[in-house]
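Let's take a friendly walk through the inside of this protein. Have a look at the sequence and the structure first.

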Amino acid sequence: MAEAEILEPYQLSFSDLLLSSRFHSSSPRDDRNRCQWISRNVMDALGPTGPGLLCITGVLGSALLRRKLLPMARKLALLDPDKRKRILKEHHLGSDVPLKNPERDVSSFAMQLNYERTTCKSSLGKLWFDEAVAKLDLHQEDDEFTNLGGAFTELGFCMRELGLSVARLCDREIGGGMLEESLLDSCTAKGRLIHYHSAADKYALREAERRNQSGKRVSSKRRVQNAAEQEGNHRNGAGLSGSRFNLWQQWHYDYGIFTVLTDPMFLSSYSYQECTLMSSHSYLQIYHPSKNKFYMVKTPQDSFIVQIGESADILSKGKLRSTLHCVCKPEKLDHISRETFVVFLQPKWSQTFSVSEYTMEHLRSDSLQRPDIQKIVPPLSSRLRDGMTFAEFSRETTKQYYGGSGLQSNR
């Protein structure tokens with residue numbers, strides 16, 4: 001199969017997002033025209049003929065929080081397990097991956113971001129981020145994890161606000177106000193700080209496990225020198241777009257409403273310095289059903305990516321398109337790890353889905369284009385039924401992906 005092409009998503013500036021989220025019929029004519037242009041571009045990106053994602057640029061103060069928080073993902077992943085457990089507990093974080101497994105490709109640190117509906121009106125029009133950053137001493141070095149919980153929640157709540165603003169814009173174009181209402185009713189979002197392991201990281205974890213079991217010690221220099229060679233025996237299979245890339249994360253759809261992600265950071269295993277060779281390349285890969293092509297997503301540094309989840313596809317009756325995606329490992333860069341922070345915005349667990357036959361036909365049509373995708377991604381039409389709650393839908397989705405007989409079980 002041909003190598004994936006590069007996709008540069010529609011860039012929505014923070015100032016334009018603020019303008020469009022405040023739009024009303026009494027706005028000045030120039031503002032109305034500008035908002036209509038913005039809305040058309042957003043719906044082109046997120047609608048049924050688009051790629052299902054966009055990026056937001058120029059968010060006030062976000063670069064500082066991103067650069068403080070993201071390197072903590074790798075530091076946490078490689079910590080002594082007992083120390084990591086203590087730090088996570090201190091900052092009210094948990095994990096949704098088995099961190100005791102030294103063969104893992106991903107380490108993930110998660111927190112439920114709970115909020116009250118009455119306090120969830122967007123404050124992004126103020127200098128929200130300047131105030132948030134002022135609360136944190138982001139330059140202190142005494143304890144590298146002092147600001148972990150604070151940076152996690154401040155960045156997470158800002159990203160939730162970005163998602164709410166995009167939902168408000170989409171609702172105005174779709175009608176009904178379903179997306180924003182569903183997000184407000186949920187009163188929670190899930191934040192996830194993710195470290196995608198380099199070959200050297202995985203080798204270091206395996207050696208640490210061996211030392212714990214045998215008492216033998218291997219030098220850090222030796223670990224790094226042998227990492228690429230050792231990792232060759234532990235790689236995943238090639239992705240759908242060809243043999244050049246292996247996968248950190250297999251192909252899937254997110255099943256919430258929106259997924260908001262930071263532009264990723266790439267770190268060298270030889271230090272905690274950012275790798276400038278990877279600048280503006282996310283290694284997020286998507287499948288574009290309208291074009292029947294795979295694309296590698298390229299985004300500006302310090303931007304945010306907003307992806308459509310399956311719940312938005314369902315609630316909008318196909319007027320928004322969920323994004324089939326994976327995360328690739330770059331070729332011949334086994335010393336590079338990938339760090340990102342993700343916020344999943346979803347309906348409340350008791351929300352029910354009303355599914356018309358028209359909607360089901362729309363859901364079936366996309367999955368039929370790629371038989372190879374059907375082998376590893378269960379079609380939405382097989383996981384959804386009329387009247388199903390979001391909790392039931394999420395359980396069925398997890399079962400069909402990762403359960404005992406799931407399409408990606410033991411992968």
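At what angle do helix 6 and helix 7 pack, and how far apart are their axes? This is a predicted model, in which local features need pLDDT of at least 70 and side-chain atom pairs count only at pLDDT 80 or more, while totals for chains, interfaces and linings use all residues. Residues are numbered from 1 along each chain as its sequence is written, and side-chain values use heavy atoms, leaving out hydrogens and water.

The two helices meet at about 145°, with axes 7 Å apart. Axes here are lines fitted to C-alpha atoms, for helices over the stretch in contact, and angles run from 0 to 180 degrees between N-to-C directions. Helices are DSSP runs (H or I, at least four residues), numbered from the N terminus. Contact means heavy atoms within 4.5 Å.

| Helix | Residues | Contact residues |
|---|---|---|
| Helix 6 | 148-174 | Gly-163, Leu-164, Ala-167, Arg-168, Cys-170, Asp-171, Ile-174 |
| Helix 7 | 178-186 | Met-178, Leu-179, Glu-180, Leu-183, Leu-184 |

Now for the nonpolar cores, that is, sets of buried Ala, Val, Leu, Ile, Met, Phe, Trp, Tyr and Cys residues joined through side-chain atoms within 4.5 Å. Buried means under 20% relative accessible area (1.4 Å probe, protein chains only). The largest core has 69 residues, and Leu-179 and Phe-258 are among those with the most contacts inside it. Helix 6 gives the most to this core, with 13 residues. Beyond its neighbours within four places in sequence, Phe-258 touches residues including Gly-163, Ala-167, Leu-179 and Leu-183.

Leu-88 belongs to helix 4 (residues 81-90) and is buried, at 7% relative accessible area.

Definitions and conventions:
Buried means under 20% relative accessible area, exposed over 50%, partly exposed in between (1.4 Å probe, protein chains only).
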